[in-house]
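Please read the following report alongside the coordinates.

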Amino acid sequence: MNNSVVINGRSISTSGSMSVSVTDGRVVVNGKDITDVVNGKDITDLAGKAGDEKTIHLNITGNVESINSDCADIKVDGSVGRIESRNGNVTCGDVDGSVNSKNGNINCHKVAGNAITKNGNISSR
């Protein structure tokens, strides 16, 4: 199955299962740091570091095993194994595990585990 990851408008494709991490402005997909290679642009130029006012927008098409993010708005058109987000909103399909967001809204279909946010709203669609 082909999946795609769009980060602030810059797109890459990957096949098979996927895991995504966004930490300190660095984006890692399936263990590979893609920050500097997404269409030849440095993602930090587009989004800044954690703590900056700019936000990373992470859009994933396809199923993903896990997402860990310290600062990104996350949207998944597909199902997810689990999501951990420190800052940013999460919108996705079904979640096989849990969704945790310290600061941000959670809007998912079915969540098999827990949906927890400290500062935000949780809704199901």
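With which residue does Arg26 form a salt bridge, and how far apart are the closest N and O atoms? The partner is Asp33, and the closest N and O atoms are 3.1 Å apart, a salt bridge being a side-chain nitrogen of Lys or Arg within 4 Å of a carboxyl oxygen of Asp or Glu.

## Basis of the model

This is a predicted model, in which local features need pLDDT of at least 70 and side-chain atom pairs count only at pLDDT 80 or more, while totals for chains, interfaces and linings use all residues. Residues are numbered from 1 along each chain as its sequence is written, and side-chain values use heavy atoms, with hydrogens and water left out.

## Salt bridges

The structure holds two salt bridges. Besides the pair of Arg26 and Asp33, Lys75 forms one with Asp77, where the closest N and O atoms lie 3.7 Å apart. Side chains of opposite charge can pair when their charged atoms come close.

Arg26 counts as partly exposed because its relative accessibility is 27%, and Asp33, at 35%, is also classed as partly exposed (buried means under 20% relative accessible area, exposed over 50%, partly exposed in between, with a 1.4 Å probe and protein chains only). In the other pair, Lys75 is partly exposed with a relative accessible area of 38%, and Asp77 is partly exposed at 45%.

## Fold and surface

The protein contains one helix and 14 strands, taken as DSSP runs (helices H or I, at least four residues; strands E, at least two) numbered from the N terminus. Of the contacts (heavy atoms within 4.5 Å) between residues at least 6 apart in sequence, 24% join residues at least 24 apart.

Buried residues account for 38% of the 125 residues.
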